[in-house]
Amino acid sequence: MTDHADAFIASIDSRVRDILDRCTRCAKCVEVCPTAVPAGIDTSEPAAIVGDVLDILRGGGDPASRGARWANACTGSGHCLSACDDGINPRFMLAATRLTLNERREAGERRATGRAGFKKMSTAVKVLSRLQLPADLLAGFTGAVEAESEPAPDVVMYLGCNVLKTPHIALLCLEVLARLGTRYKVFAGPAYCCGVIQYRAGETHVSGRMGGNTVSRFAGTGAPRVLTWCPTCNIQLSEIVMPSTAATFNLEHVVPYIAARIEQLRPHFVNTINKRIALHEHPGVAGVTEGAIKILTAIPGLELVDLEQPRVGYMCNSLAPVPAYKRALHARELDAAAAAGVDYLVGIYHACHRELCAHETTSPFKIVNFLELVGEALGVEKSDLFKQWKMMQDVDRVLAEVAQQATAAGLDLESVREVLVAHMLEEQPLPVGFRGAPAMEPVDPPVRIISE
């Protein structure tokens, strides 16, 4: 066990003890939770639910209790963060509860779950990124080593892993940083994992080691800031990993960073975009939605309308514990966008884009990432190959189209097929062409999200 793992475990244990000392069971966190009821949890006695959680954190408790089910139903919306008057982070409290429950499973099962999840994620990232990016560019993202003689960058741009499945988003983000004159160093891919997959599997030692190593690599650049893209990585690092480290940098999300410099970016907007748009939102990471709105409304010609939909979770796939609710949210938003007469339904995060983009085939509007509109205003285009393929909804057609590139990239075609099936067909919560809002049937957690 490495020092990172030791410090990680000690930090979690200390913070859990602090929760047990501080929590007064006021249950405001339960009362503001937007997904407890859709998950089928009776919230009529919220203090008892919190009591269940505290019992689990003490080492006992019932894994079938309402508190355990509430912890496993958490989608990370973050409404609880401002509701607690006891100085507790309830989102971390539930993350620690899930960890405690998963640590009760057999070591071999935990290990197998963590390894399978990491392999699934890393294989998908490798396949989809190699199909869309030149090898030399991808190598610069995922394996470059900083030379000791080079000056410290202004920021580390931490893309995470899964945005490389839709690399046009990452490329546009870097283009914006370049226009701002920001000197950046990119870290991306499974070699720089935040450890969230292992954390969810209950592989605490491995998670601590991986996350700690990644934080150390960031610190080693000398950059005073680390900008994240992925909200999962942002929450895992800021709320789970970094409290156990002596981090020498500030961690923040890249969208508020860009929004704070919008006046520097505004002169680079050379194109007017006379379009009516609506924003697909998640509240989990503070300042991101507000930042995206500030950026979009600075683009000449854009009209932003509010669809007045529920704001839940931190990214679409964080809603995995409440699948029926997620399908209903997607259906209602698509219908609302059509009724509002928008030209574009605009997402922020990569997982949302993967889950929603194929609906463009049956919608009277386009579905894009907000950085695509920023790119258009800048006069820059990055092709969204992932959406082109997913809109086909036909793995054989996609495989025929990408076979030559796959072979040139050294990819096994059977592995490519498996990844395409998973992302073109299986990663489609609401069937393409579905209209109307399905019932929000309750589900029975736990659901462990292993890959983003």
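Which residue in strand 4 is the bridge partner of Leu227? The legends below take up this question among others, and they describe a predicted model.

**View 1. Confidence along the predicted chain.**
The mean pLDDT of the protein chain is 94, and 94% of its residues reach 70 or more. Over residues 438–451, however, the pLDDT is below 50, although this stretch has 48 contacts in the model beyond near neighbours in sequence. Where pLDDT is low, the predicted coordinates should not be read in detail.

**View 2. The open sheet with the strand order 2-1-3-4.**
Four strands with parallel pairing build this open sheet. Strand 2 (184–188) and strand 4 (250–253) are the edge strands, and each of them pairs on one side only. From one strand to the next, the twist averages 25 degrees. Helix 10 (residues 204–220) lies across strand 1, strand 2 and strand 3, and the helix runs at about 150 degrees to strand 1.

**View 3. Strand 1 beside strand 2.**
Strand 1 and strand 2 run parallel and are joined by five bridges. Within this pair, Tyr158 stands opposite Phe187 in strand 2. To pass from strand 1 to strand 2, the chain crosses through helix 8 (residues 167–179), and this β-α-β crossover is right-handed. Strand 2 is mostly covered, since four of its five residues are buried.

**View 4**
On one side, strand 3 (residues 225–228) is joined by four bridges to strand 1 (residues 155–160), and the two strands run parallel. The opening question is settled here, as the bridge partner of Leu227 in strand 4 is Glu252. Together with helix 11 (residues 231–241), strand 3 and strand 4 make a right-handed β-α-β unit.

**View 5. The open sheet with the strand order 6-5-7-8.**
Here, too, four strands form an open sheet, and the pairing is parallel. Strand 6 and strand 8 (366–369) are the edge strands, each pairing on one side only. In this sheet the twist averages 35 degrees from one strand to the next. Strand 5 (residues 276–279) and strand 7 (residues 344–347) pair in the parallel sense over three bridges, and Ile277 has Tyr344 as its bridge partner in strand 7.

**View 6. Leu302 in its loop.**
Leu302 lies in the loop between helix 14 (288–296) and strand 6 (303–305). Is this residue, Leu302, buried or exposed? Leu302 has a relative accessible area of 15%, and it counts as buried because this value is under 20%. When residues up to four places away in sequence are not counted, Leu302 touches Ile273, Lys275, Ile277, Leu296 and Leu373. Ile41 gives a contrast in position: Leu302 and Ile41 are 261 residues apart along the chain, and their C-alpha atoms are separated by 41 Å.

**View 7. Helix 17 and its two ends.**
Helix 17 (residues 370–378) is largely enclosed by the rest of the structure, because eight of its nine residues are buried. The buried residues are Phe370, Leu371, Glu372, Leu373, Val374, Gly375, Ala377 and Leu378. At the N-terminal end, Asn369 caps the helix, with a side-chain oxygen that lies 2.9 Å from the backbone nitrogen of Leu371. Just after helix 17, Gly379 takes a positive phi of about 85 degrees.

**View 8. Ser318 and the backbone of Thr75.**
Ser318 has its place in the loop between strand 6 and helix 15 (323–339). With a relative accessible area of 1%, Ser318 is buried. The side chain of Ser318 reaches the backbone oxygen of Thr75 at 3.1 Å.

Methods:
Residues numbered from 1 in each chain as written. Predicted model: local features only at pLDDT ≥ 70, side-chain atom pairs only at ≥ 80, totals over all residues. Heavy atoms only, no water. pLDDT = per-residue confidence, 0-100. Contact = heavy atoms within 4.5 Å. Pairing = 2+ DSSP bridges. Axes fitted to C-alpha atoms, helices over the stretch in contact; angles between N-to-C directions. Right-handed = clockwise from strand over helix to strand, strands pointing away. Buried < 20%, exposed > 50% of the residue type's maximum accessible area, 1.4 Å probe, protein only. Polar contact = N/O pair within 3.5 Å; in protein donor to acceptor, adjacent residues only side chain to side chain.
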